[in-house]
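Try each task before you read its solution.

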Amino acid sequence: MINSLRGMNDILSEDYERFTYFINTATEIAQKYGFHFIETPLLEETALFKRSVGESSDIVGKEMYQFIDKGENDVCLRPEGTAGVVRAFIQKKLDKAGGIHRYFYHGAMFRYERPQKGRLRQFHQFGVESFGIDSVYEDATMIMMVSDILKALGIGYRLQLNSLGDINCMPAYKENLIDYVRKCKDGICIDCVRRLETNPIRVLDCKNGSCQELYVDAPKLLQNLCPTCSNDFDTLKKILDDNSIDYEIDTNLVRGLDYYSKTAFEFISNDIGSQSAIAGGGRYDKLVEFLDGRPTPAVGFAIGIERLMELIVMPESLRNGYYIGAMDDEAVDLVIKLAHAKRKTDKTTIDYKTKNLQKHLKAADKINAKYCAVIGSNEIKDGTIWIKNLKEKTEKIIELKEF
Ligand code: HAM
């Protein structure tokens, strides 16, 4: 038997309903915020991710589905959505056009990680990218949008916030941090030794407990921001306070991708185990320029759809359509005929295997039908049909003609 690859799941039946419900809810909210849909290819040149996500990141260093195609091109399956959207933005010369451009997307992403609960090799993101606004108000808007999406789905969260500074304050901070970490170099893990060379601030994010103990007194990013970054961060906190969005400051939040500056945030759930990040994002003002576009400020986020699946509270109102079942063999022909007529206006599922009423009701409930209609030999004789509204829990017998 051939199974799916490790960390790559099928999405079907009830999961698919949840999945579509998520996409519809998030799309509706993104459109209310004035964002437009964008679709980019699953396959891109490897260089795109090396230059954006960064060669020192785990994503590019260890997790890419990278290969040489038949035309000798070095390509890879996208590990995230931002780089492709930025590439499209530049390729369409929207950077040269100026103005504000806001996009949302959803689709599969690929990372060759060690699979576990909540960590897949093929997973889906819903993401948003906003170009052309350097105001921290847009950062706050991003956070509000994630919050609105999660609230609409009945999902609780904790928001963690940090500022990564900009070219005016980050380089000096990095030097301070390197000096500090070098002093405790004998005690740090092998990954942190490598990080010191490739991307020093990522030591702050090390999952090794003994490294974390050594870094307790390390210089803090937030205490080393330049006045502009510091003021922006204060403004961001004020906007979130004014809009009743709770947050925690996490000075060690550095994100796993290299393109961020200033605002960085993650939404965490306490209810899904160790892979608790359900969304992440931040500002990336240098990326467009870095990919050879005209300098354009930008900010965005992505939500991990699989991590939300079990948390989504499906609304009762999603019940729709009819389920029609036969109680006796002689009712089967009529069930097919009735369903054929009903489908002109409503979604209608039938079961022509005869069963008792309880079993039909259970089957109708399972497929989220709004009405369960059942017909047997008595009803045929009377020219009626028994029908239950599963949403309002009311039942009645009506004339077949009326049905
Ligand atoms: P990210 O934090 O790498 O950010 O991913 C966003 C979300 O995708 C995570 O919070 C998590 O929910 C989900 N995710 C990541 N890896 C996996 C995995 N292996 N299995 C299941 N879910 C996963 C980005 O990708 C950035 N592009 C976000 C962004 C957009 N920043 C600015 N704009």
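**Exercise 1.** Which polar backbone atom is 3.3 Å from a nitrogen atom of the ligand?

Solution. Keep in mind that this is a predicted model. Start from the ligand nitrogen atoms and look along the backbone: the polar atom at 3.3 Å belongs to Phe301. Next, turn to the surface of the ligand: it exposes 660 Å² when taken alone, and the protein buries 96% of that.

**Exercise 2.** Find side chains that place a polar atom 2.6 Å from a nitrogen atom of the ligand.

Solution. Begin with Glu80, whose side chain has a polar atom 2.6 Å from a ligand nitrogen. Then check Tyr260, where a polar side-chain atom also lies 2.6 Å from a nitrogen of the ligand.

**Exercise 3.** Describe the make-up of the shell around the ligand.

**Exercise 4.** Is Thr25 buried or exposed?

Solution. First locate Thr25 in helix H1, which spans residues 13–32. Its relative accessible area is 12%. Buried means under 20%, so Thr25 counts as buried. Finally, list its contacts, leaving out residues up to four places away in sequence: Thr25 touches Ala152 and Leu153.

Definitions and conventions: Residues numbered from 1 in each chain as written. Predicted model: local features only at pLDDT ≥ 70, side-chain atom pairs only at ≥ 80, totals over all residues. Heavy atoms only, no water. Polar contact = N/O pair within 3.5 Å; in protein donor to acceptor, adjacent residues only side chain to side chain. Areas by Shrake-Rupley, 256 points an atom, 1.4 Å probe, with all protein chains shown as cover. Helix = DSSP H or I, 4+ residues; strand = E, 2+ residues; numbered from the N terminus. Buried < 20%, exposed > 50% of the residue type's maximum accessible area, 1.4 Å probe, protein only. Contact = heavy atoms within 4.5 Å.
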